[in-house]
Amino acid sequence: MCIQGSILIKQKKKEAALKLYDDAINKYPDNAVLRRHKGIVLWKLDKNEEALAEFNKATELRPDYGFAWNWKGNALSDIGKKEEALAAYEKSIELDPLYAFGWSDKA
């Protein structure tokens, strides 16, 4: 499912990807990976508040999910919440110190 969504995004079919993730989340509402992927689509559609809600849900469901914390930082940064974004990036790095984007996004 996530691969299909990624392909749709690369094909510039973001709305179709969003529907795919919405349908999947209706079946699996507690799946943090699906929530993160939906958040990424929303973020790419410049719907940062909605994206943040999905990243919040993903980190709530899986507090150890470093990728979701990093994306949460991106959404927070884009809505001007720089201190909260920095904390999210730091959490991402704490959880996965080898994840390069956590370091680069923090910078």
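## Basis

This is a predicted model, with local features needing pLDDT of at least 70, side-chain atom pairs pLDDT 80 or more, and totals for chains, interfaces and linings using all residues. Residues are numbered from 1 along each chain as its sequence is written, and side-chain values use heavy atoms, without hydrogens or water.

## Helix H2

Helices are DSSP runs (H or I, at least four residues), numbered from the N terminus. H2 spans residues 14–27, 14 residues in total. From first C-alpha to last it reaches 20 Å, close to the 20 Å expected at 1.5 Å a residue (1.5 Å times one less than the number of residues).

Ala-17, Leu-18, Leu-20, Tyr-21, Ala-24 and Ile-25 are buried (under 20% relative accessible area; exposed is over 50%, partly exposed in between; 1.4 Å probe, protein chains only). They cover an arc of only 160 degrees around the axis, so they lie on the same side of H2. Lys-19, Asn-26 and Lys-27 are exposed on the other side. The buried residues pack against helices H1 (2–10), H3 (32–44) and H4 (48–61).

## Aromatic pairs

Rings of Phe, Tyr and Trp (its six-membered ring) pair if their centres lie within 6.5 Å; planes under 30 degrees apart are stacked, over 60 edge-to-face, the rest tilted. The count comes to three aromatic pairs. Trp-43 and Trp-71 have ring centres 4.9 Å apart and planes at 80 degrees, so the pair is edge-to-face. The pair links Trp-43 in H3 to Trp-71 in H5 (residues 66–78), 28 residues apart.

Trp-43 is partly exposed at 23% relative accessibility. Trp-71 is buried at 15%. Trp-43, Phe-55 and Trp-71 form one aromatic cluster.

Key: Helix = DSSP H or I, 4+ residues; strand = E, 2+ residues; numbered from the N terminus. Arc of directions from axis to C-beta. Contact = heavy atoms within 4.5 Å.
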